[in-house]
Every structure is written in C-alpha cells, then in structure tokens.
Amino acid sequence: MAEITSNAGHTPHRGGIRRSKKLSTKVDLTPMVDLGFLLITFFIFTTSMTQPRTMKLYLPAGDVPGTNFGKSTALTIIPVAGNKVFYYHGDLASALQENLYGVTSFAVNNGIGNIIQLKQKALGSNGRFRKEDLMLIIKPSLDASYQNVVNALDEVLIHDLKHYAFVDLEPVEKDQLLQLGIK
C-alpha cells in the first residue's frame with residue numbers, strides 16, 4: 001500500500017498565527033511493483049497451461065473424388081438462392097428417374113426438416129437400417145447464402161444426425177439444376 005510519511009518536527013508559534021502542518025507527499029511504490037510481478041507471473045503461467053482445442057475433422061481416405069455410400073440411406077440437399085433447398089434421395093440419376101427429388105425451403109412446417117424426418121422414419125421402419133444410418137450430404141451452390149448453410153447445419157443438430165458431410169457441387173448437378181430451372 002502507499003504510505004505517506006510526515007515530519008514530526010515541531011515549530012514554535014510566532015505571534016499568535018497558527019500554521020498548518022505540512023506533510024511530505026513521498027509515496028512508497030514497492031508493493032505496487034510486487035503486485036505487478038505477481039500478475040505477470042500469473043498470466044504467463046496460465047497461458048502456458050491452456051492448450052488450444054480443435055475439433056477433429058474426419059475425411060475419407062485416398063484421393064478418389066467420390067466416396068461410396070449406401071444409396072438408400074443417403075439424402076442430398078443443395079441450398080440454392082432464395083432460401084430454397086433442392087433435395088434428392090440416393091444418387092442423382094436414379095432419383096431423377098424415380099422422381100425422388102424436390103424443392104422445399106427451410107420453413108418449420110413442410111420444410112427440409114420434414115423431409116429429413118420422413119427419411120429417418122422410412123429407414124427406421126426398414127429391417128436393414130436404423131434411423132441413425134441416414135447420411136446427409138450438403139452441397140451448397142454458389143448462389144446459396146451463408147445463412148442457408150447455417151440453416152442446413154441447424155437441421156443436422158435438430159435431427160441429431162450422426163453422419164453428414166459438406167461436398168462440392170458436381171458439374172452434373174449444376175447442369176441438372178439449370179435444366180430443372182432451379183437457381
């Protein structure tokens with residue numbers, strides 16, 4: 001703590017006029033320096049103790065551009081412009097032939113969440129698969145907003161999907177979206 005020292009010297013009175021004592025204003029800063037060194041030591045110690053935390057990212061092995069997956073368990077969603085989502089079940093060619101595709105939105109009612117729920121129920125009622133086997137593939141288009149990608153990740157969290165991936169949009173899919181008039 002700072003300390004103010006005073007002279008205890010006594011001066012005799014002159015002619016009836018009293019003067020106030022003048023105190024010395026010398027401040028001792030030794031405790032402040034000690035506190036500074038303690039704080040520096042504390043911060044150096046705590047920063048060396050904290051380790052950066054990162055999330056592990058599991059990528060498929062090899063340099064092959066595609067990864068094989070069960071076509072009956074896959075659901076691909078493509079966020080496009082205007083808060084719309086193009087989706088298809090399995091691979092694109094068979095989904096177009098069997099009419100297993102559509103366009104929806106991120107709405108709470110009748111949006112992509114309902115499509116995911118229906119796919120999970122279908123997998124759960126099938127004897128070969130469980131609803132946890134659903135593989136959601138998210139392929140954002142260049143016209144999709146950042147908010148749409150975040151909404152797609154929110155759907156992953158809401159429906160507790162264990163298997164999902166972000167993949168680049170293939171040229172075949174881009175061409176098919178243009179043919180269908182979806183941008």
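## Contacts around His159

Two residues are in contact when heavy atoms of one lie within 4.5 Å of heavy atoms of the other. In this predicted model, His159 touches Gly113, Ile116, Gln117 and Gln120, leaving out residues up to four places away in sequence.

His159 sits in the loop that runs between helix H4 (146-158) and strand S5 (163-166). The relative accessible area of His159 is 12%, so the residue counts as buried, the cut-off being under 20%. The side chain of His159 also makes a polar contact of 3.0 Å with the side chain of Glu155.

## A buried lysine

Lys119 belongs to helix H3, which covers residues 112-125. What is the nearest side chain of opposite charge to Lys119? That side chain is Glu98, at 9.4 Å. A salt bridge requires a side-chain nitrogen of Lys or Arg within 4 Å of a carboxyl oxygen of Asp or Glu. Lys119 is buried and has no salt bridge.

The side chain of Lys119 does have a polar partner: a polar contact of 3.4 Å joins the side chains of Lys119 and His89.

## Two residues with positive phi

Most residues other than glycine have a negative phi. Asn99 has a positive value, near 60°. Asn99 lies in the loop between helix H2 (92-97) and strand S3 (101-105). Is Asn99 buried or exposed? With a relative accessible area of 55%, Asn99 is exposed, because the cut-off for that class is over 50%.

Asp160 also has a positive phi, near 50°. Asp160 lies in the loop between H4 and S5, and His159 is placed in the loop between these two elements as well. At a relative accessible area of 49%, Asp160 is partly exposed, whereas His159 is buried.

Which residues make the nonpolar surface patch of about 710 Å²? The patch is made by Val27, Leu29, Met32, Leu35, Leu39, Phe42 and Phe43.

Phe42, one of these residues, is in helix H1 (residues 30-49). Its relative accessibility is 46%, so Phe42 counts as partly exposed, the class between 20% and 50%. A residue must have over 30% relative accessible area to be part of a patch, and the 46% of Phe42 is therefore enough on that point.

Key: Residues are numbered from 1 along each chain as its sequence is written. This is a predicted model: local features need pLDDT of at least 70, side-chain atom pairs count only at pLDDT 80 or more; totals for chains, interfaces and linings use all residues. Side-chain values use heavy atoms; hydrogens and water are left out. Helices (H or I, at least four residues) and strands (E, at least two) are DSSP runs, numbered from the N terminus. Buried means under 20% relative accessible area, exposed over 50%, partly exposed in between (1.4 Å probe, protein chains only). Lys and Arg count as positive and Asp and Glu as negative; His and the chain ends are not counted. A polar contact is a pair of N or O atoms within 3.5 Å; within protein, one must be able to donate a hydrogen and the other to accept it, and residues adjacent in sequence count only if both atoms are side-chain atoms. Patches are made of residues with over 30% relative accessible area and no salt bridge: like charges are joined within 9 Å, nonpolar side chains (Val, Leu, Ile, Met, Phe, Trp, Tyr) within 5 Å. Accessible areas come from the Shrake-Rupley method with a 1.4 Å probe; for residues, only the protein chains shown count as cover.
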